[in-house]
Amino acid sequence: MNLSPSAIALLGLVAWPLLLMFLIINQRGLLVLGGRMKVNAFAPDGSNTPSAFGQRLVRSHANCLENLPLQAAVLLYAMHAGQTALTDPLALLLLGARLFQSAMHLISTGPLFVWLRFAGLLAQMLILAWWLLRLSGLA
């Protein structure tokens with residue numbers, strides 16, 4: 001099967017938060033099995049996770065899910081409408097920007113990394129806006 005860049009991006013945008021979730025499960029499982037936290041003690045936002053990385057991991061995962069509906073809707077529309085010629089050229093860049101944003105979030109919340117994370121988000125939003133303009137025939 002030969003997947004288009006749009007299909008690869010869509011699958012990647014789903015696979016990435018799944019991988020992050022497995023990392024959260026692993027981290028929490030080790031904390032519970034190691035007796036460092038009770039199984040029912042985890043705050044949904046990760047705020048009581050013993051490590052700063054754990055907190056960033058939970059927030060990065062949540063951010064992926066917050067943006068996934070926008071990204072998936074546009075890509076699915078383009079695929080369903082046979083318009084992937086409009087999304088294919090930037091699809092892998094969108095996925096790369098999503099991965100970059102998450103990586104910067106996982107590394108640090110220092111000012112430089114927050115700016116880099118913002119750049120990754122901005123790239124994704126600009127690509128989505130461009131696609132919407134193109135798919136609607138306005139550009």
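## Charges that pair

A salt bridge is a side-chain nitrogen of Lys or Arg within 4 Å of a carboxyl oxygen of Asp or Glu. This structure holds one salt bridge. Glu66 forms it with Arg59, and their closest N and O atoms are 2.8 Å apart. Side chains of opposite charge can pair when their charged atoms come close.

How open are these two residues to the surroundings? Here, buried means under 20% relative accessible area, exposed means over 50%, and partly exposed lies in between (1.4 Å probe, protein chains only). Glu66 has 45% relative accessibility, so Glu66 counts as partly exposed. Arg59 is partly exposed too, because its relative accessible area is 36%.

## About the model

This is a predicted model: local features need pLDDT of at least 70, side-chain atom pairs count only at pLDDT 80 or more, and totals for chains, interfaces and linings use all residues. Residues are numbered from 1 along each chain as its sequence is written, and side-chain values use heavy atoms, with hydrogens and water left out.

## The overall picture

Helices (H or I, at least four residues) and strands (E, at least two) are DSSP runs, numbered from the N terminus. The protein has four helices and zero strands, giving the pattern α-α-α-α along the sequence. Its C-alpha trace spans about 55 × 35 × 20 Å along the principal axes.

Of the 139 residues in the protein, 40% are buried. The protein exposes about 7,900 Å², with carbon and sulfur atoms supplying 72% of it; such areas come from the Shrake-Rupley method with a 1.4 Å probe, and for residues only the protein chains shown count as cover. A contact means heavy atoms within 4.5 Å. Among the contacts in the protein with a separation of 6 or more, 69% link residues 24 or more positions apart.

## Helix 4

Let us look at helix 4, residues 111–136. The expected span of a helix is 1.5 Å times one less than its number of residues. For the 26 residues of helix 4 that should be 38 Å, which agrees with the 37 Å between its end C-alpha atoms.

Which residues of helix 4 are buried? They are Arg117, Gly120, Gln124, Ile127, Leu128, Trp131 and Leu135. Their cover includes helix 2 (52–80) and helix 3 (84–107). Just after helix 4, Gly137 takes a positive phi of about 85°.

Arg28 is found in helix 1 (residues 5–33). Arg28 is buried yet has no salt bridge, and the nearest side chain of opposite charge, Asp45, is 7.0 Å away. For this, Lys and Arg count as positive and Asp and Glu as negative, while His and the chain ends are not counted. Leaving aside neighbours within four places in sequence, Arg28 is in contact with Phe42, Ala43, Pro44, Gly46 and Val58.

Ala43 sits in the loop between helix 1 and helix 2. With 15% relative accessibility, Ala43 counts as buried. Apart from neighbours within four places in sequence, Ala43 is in contact with Arg28 and Asn48.

## A nonpolar patch

Patches are made of residues with over 30% relative accessible area and no salt bridge: like charges are joined within 9 Å, and nonpolar side chains (Val, Leu, Ile, Met, Phe, Trp, Tyr) within 5 Å. Met1, Leu3, Ile8, Leu11 and Leu92 form a nonpolar patch on the surface, with about 540 Å² of accessible area together. Leu92 lies in helix 3, and at 44% relative accessibility Leu92 counts as partly exposed.
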